[in-house]
Amino acid sequence: MDDNEKVITDGKVATLPENEKKPVFKLALPSIMAGGADYFGLGLITPLLPFWLEEHGEDLLYVGLIQTAQYFGVILGSLVLGRLSDMYGRKRAFLVALSGDVVLFLMSGLVETADLLLTVRLLAGMFTPLVVGIAWVNDVGDGDAK
């Protein structure tokens, strides 16, 4: 019996009917890809930031300020998007997060000043898909400990 066929209730293992089996990996794939894209965006800007700041004649202190602002945005965005996903559904919250990521990642590449980049990265952090993605994976996997 495959793990996808097992259901544990009250300490007993039962088999799901054929029509209720869920392809867990397929359902979790959007969440995994969104998290990957978010980390890719963060991983792309982090090593390039000092060079961008020097090129634009900005103080290198902004490296720490911009990174801190983004992670502060992640904290705030996680709270807000987590609540929205509970209220309106994972898919809607996920689409809001991804839409915000697309717009703000694009804006990150177009801004010309460090102050504006700091603001854009703060907002980009607020549109993190990670909390919604974790909730989605948990829903799809039915809280399976594996």
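Met 33 is exposed in the predicted model, with a relative accessible area of 55%. Because the cut-off for exposed is over 50%, Met 33 falls in that class. The residue is part of helix H1. Its C-alpha atom lies 9.4 Å from that of Gly 133, although 100 residues separate Met 33 and Gly 133 in sequence.

Gly 133 belongs to helix H5, which spans residues 130–140. Here Gly 133 is buried, as are Val 132, Ala 135, Trp 136 and Val 140. Viewed down the axis of H5, the buried residues fall within an arc of 165 degrees, so they line one face of the helix. An α-helix has 3.6 residues a turn, so residues three or four places apart point the same way.

The chain as a whole contains five helices and two strands. Their order along the sequence is β-β-α-α-α-α-α, so named from the N terminus. The chain has 146 residues, and 30% of them count as buried.

Helix H2 covers residues 61–88 and includes Val 80 and Leu 84. Val 80 is partly exposed, at a relative accessible area of 47%. Leu 84 is also partly exposed, with a value of 30%. Because partly exposed covers the range between the buried limit of 20% and the exposed limit of 50%, both residues are placed in this class. Val 80 and Leu 84 contribute to a nonpolar surface patch of about 770 Å².

One salt bridge is found in a search of the whole structure. Asp 86 forms a salt bridge with Arg 90, and the closest N and O atoms are 2.8 Å apart. Side chains of opposite charge can pair when their charged atoms come close. Asp 86 has a relative accessibility of 53% and therefore counts as exposed.

Helix H3 comprises residues 90–110 and contains Leu 106. Leu 106 is exposed, with a relative accessible area of 55%. The C-alpha atom of Leu 106 is separated by 9.8 Å from that of Val 120, which is 14 residues away along the chain.

The second largest pocket holds about 320 Å³ of space. Rolling a probe the size of a water molecule over the atoms shows where empty space is left. The lining of the second largest pocket consists of 13 residues. Those nearest the centre of the pocket are Leu 44, Ile 45, Leu 48, Ser 108 and Gly 109. Three elements, namely helix H1 (24–55), H3 and helix H4 (114–126), each give two or more residues to this lining. The largest share, eight residues, comes from H1.

Methods
Residues are numbered from 1 along each chain as its sequence is written. This is a predicted model: local features need pLDDT of at least 70, side-chain atom pairs count only at pLDDT 80 or more; totals for chains, interfaces and linings use all residues. Side-chain values use heavy atoms; hydrogens and water are left out. Buried means under 20% relative accessible area, exposed over 50%, partly exposed in between (1.4 Å probe, protein chains only). Helices (H or I, at least four residues) and strands (E, at least two) are DSSP runs, numbered from the N terminus. The arc is that of the directions from the helix axis to the C-beta atoms. Patches are made of residues with over 30% relative accessible area and no salt bridge: like charges are joined within 9 Å, nonpolar side chains (Val, Leu, Ile, Met, Phe, Trp, Tyr) within 5 Å. Accessible areas come from the Shrake-Rupley method with a 1.4 Å probe; for residues, only the protein chains shown count as cover. A salt bridge is a side-chain nitrogen of Lys or Arg within 4 Å of a carboxyl oxygen of Asp or Glu. On a 1 Å grid over the protein atoms alone, a cavity is a set of points where a 1.4 Å probe fits but cannot get out, and a pocket is an open set with protein on both sides within 12 Å along at least five of seven lines; lining residues have an atom within 4 Å of a point. Grid points are joined across faces, edges and corners, and a volume is the space filled by probe spheres set on the points.
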